[in-house]
Amino acid sequence: MRRYVLRRLLLMVPTFLGITVLTFSLAMLAPGDPFQLDLETAGLGAQAVAQQRVQRGLDAPIPLQFGRWLSRVVRFDFGRSLIDQRPVLDKLAEALPRTALVAGLALLLGFGLAVPLGVVLATNQKRRWARAVELLLLAAWSVPSFWLAVLLLMLFAGPRYLPLFPVQGLADGGFVLPVICLTWPTLVIATRQVRSAMEESLCQDYVKAARARGIPERRVIWRHALRNSLLPVVTMFGLHLPHLVGGSVAIERIFGIPGMGLLAFDSIGTRDYPTVMGVATTMALVTMVSMLLVDLAYGSIDPRIRLERAG
Amino acid sequence: MSRLTPLVVLLALAGCKGSGGVDAGSPGPDARWLQGALAPETGTPRDGGTLTVRLPLEPTGLTRLHDRFNEGTMVRLTVGPLYETLARAHDGQLTPLLAETWSETADALTITLRAGVKFHDGTELTSADVKATLDVVMDPAKPTAGFRAALDSLRSVETPDARTVVVRWSRPWFLARHTLLAALPVMPAHALQGDFDTLPIHRAPIGTGPFRFEKWEPGLSLSLVRADGRAHLDRVVFRFLKDEGAAMQAFEKGELGLMTRLTPSAWRSLETQPWAWQRSQRIFFEENAYAWLGFNQRKALFVDPLVRRALAMLYPAELVEKTVDLGLEPRTTCPYFPGSRSCDPSVQPLAYDPAEARRLLAAAGWGDSDHDGVLDREGVRFSFAFLAASQSVKMARLLPLFLDTLRHAGIEARIETVDVSAYLSRVRAHDFDAMALSWASADEVQDNFPNFHSSQAAQGNNYVGYSNPEVDALLERVRTELDADRRAALEREVHRRVYADQAYLFLGRRPALDAALRTVHGLKPSLGWYDLTAVWISN
């Protein structure tokens, strides 16, 4: 097991390099210039723009720029933003906790509700109310998050109905509405995943055998069937983990949360290469660690996977 | 039925309070409210309170000297009350501010500073601070090219004593004098030491203004507090709310006292809201800003002024004004501030006239020789691409209307949309057929040399490549003319010629569209924004 983890950790190095090379190249090759201002103030002359490019080392060949960037990153120095001149690490440190709080609560809430709901739906699939709930979930799946966000903002933050929450920011319970918006899609898709995995498990021979041995139905469902249904859910959970640092541009914009989504969106739009790379690197690391955690979780859920690795 | 209860309750709630908790049957807004004109002040100002201002964007830094932070409107609004200039410009006149007096000779300006002025950190303002600010601007290694270009004729700065600054010019230039006195924020010398890019003062300003910096929470807000007895307000908080819908909710809720830079549709939408008539006032005021369409005059298609006039006559101005600008952006013909003496009021915009446009195009040699519906000349089809920035909502609405009229006149045009960064890069590289931009200035005094002089077509702001030797000569004379009346006469001639040549297809003047709660008083809009020292809050 230790060797397996070590091997996976070592594999992360070339993967990380590959991701960063690709991201850096795409960012640098995209048309545009970080030294532009907004449309109406394009008055900064071409000479001044060229001078700033030279001062920032952006006139060097891309491989050389990447080498410089990498040599700083290994010392945990992500450089300074080309737009506001602040250290990229400071910007990440401000945005990351906000996004992680909202996305983390949404993830826990979404999967926390999806598992019992999926099990209940799978074990009551022939009941009329269960079908109605499924239909509702299907309808909910088609509701765009940003639309829900606008609706919730109007109903529960605006002055006309129930102004329970602030319009902007996370303080004073401001995180509740964005968490609901982000929970919604996770809840719907995870519930459907759990339900279908459970339906499949409940038809398996080992479940029939457990019932034949007289094990109580509750134990059969929650101990035997559910455990085997969790593999795809764990995969999905792992795939959702990067959302903790990715953020959602629309939700963050509507609720005025300066998180990772807006930081990424704005820095891409302004060609703020150091910030783009800071966000991309953070996401790459979290994604790779998430994948590793998922693989390790597989082993603890399914002994066969552990055996294959041992073999 | 019982399962539908929550939805029914919600809808009932909507029905009950749909007008924002105010009497929806009250009479509608009066003419003054509809025009966005502020009601005359009658109350007595009271001290105290916090004004919360919505900004749609966050400034990237708070030092106007730095090229990256300099021009943004948001920076101007936020640092305006913090920093002061040597003089204040108002109605074409300069009145002393940090300077007590100044005297001029042909090549020098001697400024005497007011005694006893202190920066917010307690240090006293001296001539060394003015010199240090100018030294930073004039250092070619520093990213201060914007101010440096405007002070290009500055030759030397001397400080014979703590209150005297002597500036010598290499040549007369009206803009340099104006920039030095009325635009350059004076900053403390000790805060300008070190790596300019990373100076703490960029994010924590130290000025001499009536408000001092309190704190900046990135992404959320920026606050200033009263520095001395010049202001009524205790605090001004700028909240960064990008989403206009969310900002409107906060405004209606009373969380925001002043909404700035509303879009025309949001400003218009207040007309249908009874709460808005009763609890707020809309504010409309002229800015020195205008939008234009530019045709690349380096390309054979657009070299002939006749063709550019024809294109202007095919521009559906009335339709755009009504459907895109919602009647809020009147058409302009002038590259100077419309209310100033620099514009000739006799110049009228070319009317939409497809028949006359076709006649002009025929006179320029364009006809449909192969009867394919598209004009051609010597085997070249009249076909081009409009470069548009994907973020520009206005262009997304305007260009299809214009392209439609062009198509009917036999001109084949298509829209090429790119993101704003790529857009500006291509504009700077002159890699376009046609494009749109707008110019804005916080000042009435401006120099159009960089925009229209032919020498600026290669590296400067003359992106369209406009060239007219007579206009070049006029712009050169404008620069060296220090007498305001004579300069205005020359600028009116520039206006007439630039419009006759259709250097740009001038669109509309862009006003500032704001709204404030009725509890906010003393708002007096001007080109430099509101004078926050006059603003006060009633209960």
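Residues are numbered from 1 along each chain as its sequence is written, and chains are lettered from A in the order in which they are written. Because the model is predicted, local features need pLDDT of at least 70 and side-chain atom pairs count only at pLDDT 80 or more, whereas totals for chains, interfaces and linings use all residues, and side-chain values use heavy atoms, with hydrogens and water left out.

The secondary structure of chain A consists of 14 helices and zero strands, where helices (H or I, at least four residues) and strands (E, at least two) are DSSP runs numbered from the N terminus. The C-alpha trace of chain A spans about 85 × 60 × 30 Å along its principal axes. Of the 311 residues in chain A, 48% are buried, a term that denotes under 20% relative accessible area, with exposed meaning over 50% and partly exposed lying in between (1.4 Å probe, protein chains only). Among the contacts in chain A with a separation of 6 or more, 71% come from residues 24 or more positions apart, contact being defined as heavy atoms within 4.5 Å.

Within helix α13 (residues 273-301) of chain A lies Pro274(A), which is buried at a relative accessible area of 12%. Neighbours within four places in sequence aside, Pro274(A) is in contact with Phe78(A), Arg80(A), Leu82(A) and Val88(A). By contrast, Arg160(A) is 114 residues from Pro274(A) in sequence and 43 Å from it in space, C-alpha to C-alpha.

At the interface, 57 residues of chain B are in contact with 53 residues of chain A. The area buried between the two chains is about 4,700 Å², of which carbon and sulfur atoms give 53%; this area is the accessible area (1.4 Å probe) that two parts lose on being put together, summed over both. On the side of chain B, Arg68(B), Lys242(B) and Arg428(B) lose the most area to chain A, together 16% of what that side buries. One residue of chain A that touches chain B is Gln168(A), found in the loop between α6 (145-156) and α7 (176-202) of chain A and buried at a relative accessible area of 12%. The side chain of Gln168(A) makes a polar contact of 2.8 Å with that of Arg239(B), and a polar atom of the Gln168(A) side chain also lies 2.9 Å from the backbone oxygen of Phe240(B). A polar contact is here a pair of N or O atoms within 3.5 Å; within protein, one must be able to donate a hydrogen and the other to accept it, and residues adjacent in sequence count only if both atoms are side-chain atoms. Beyond four places in sequence, the residues touched by Gln168(A) include Phe255(A) and Gly256(A) of chain A, as well as Gly219(B), Leu220(B) and Leu241(B) of chain B.

In chain B, helix α18 (residues 484-501) has 18 residues and reaches 25 Å from its first C-alpha to its last, close to the 26 Å expected at 1.5 Å a residue, the expected span being 1.5 Å times one less than the number of residues. The buried residues of α18(B) are Arg487(B), Ala488(B), Leu490(B), Glu491(B), Val494(B), His495(B), Val498(B), Tyr499(B) and Asp501(B). These residues cover an arc of only 165 degrees around the axis, which puts them on the same side of α18(B); the arc is that of the directions from the helix axis to the C-beta atoms. Their cover includes α7 (174-183), α11 (305-313), α16 (449-452), α17 (469-480) and β19 (505-509) of chain B. The N-terminal end of α18(B) is capped by Asp483(B), a side-chain oxygen of which lies 3.2 Å from the backbone nitrogen of Asp485(B), while Gln502(B), just after the helix, takes a positive phi of about 50 degrees.

A disulfide, defined as a pair of cysteine sulfur atoms within 2.5 Å, is formed by Cys334(B) and Cys343(B), with their sulfur atoms 2.0 Å apart. The torsion about this S-S bond is about -85 degrees, so the disulfide is left-handed, and both Cys334(B) and Cys343(B) are buried.
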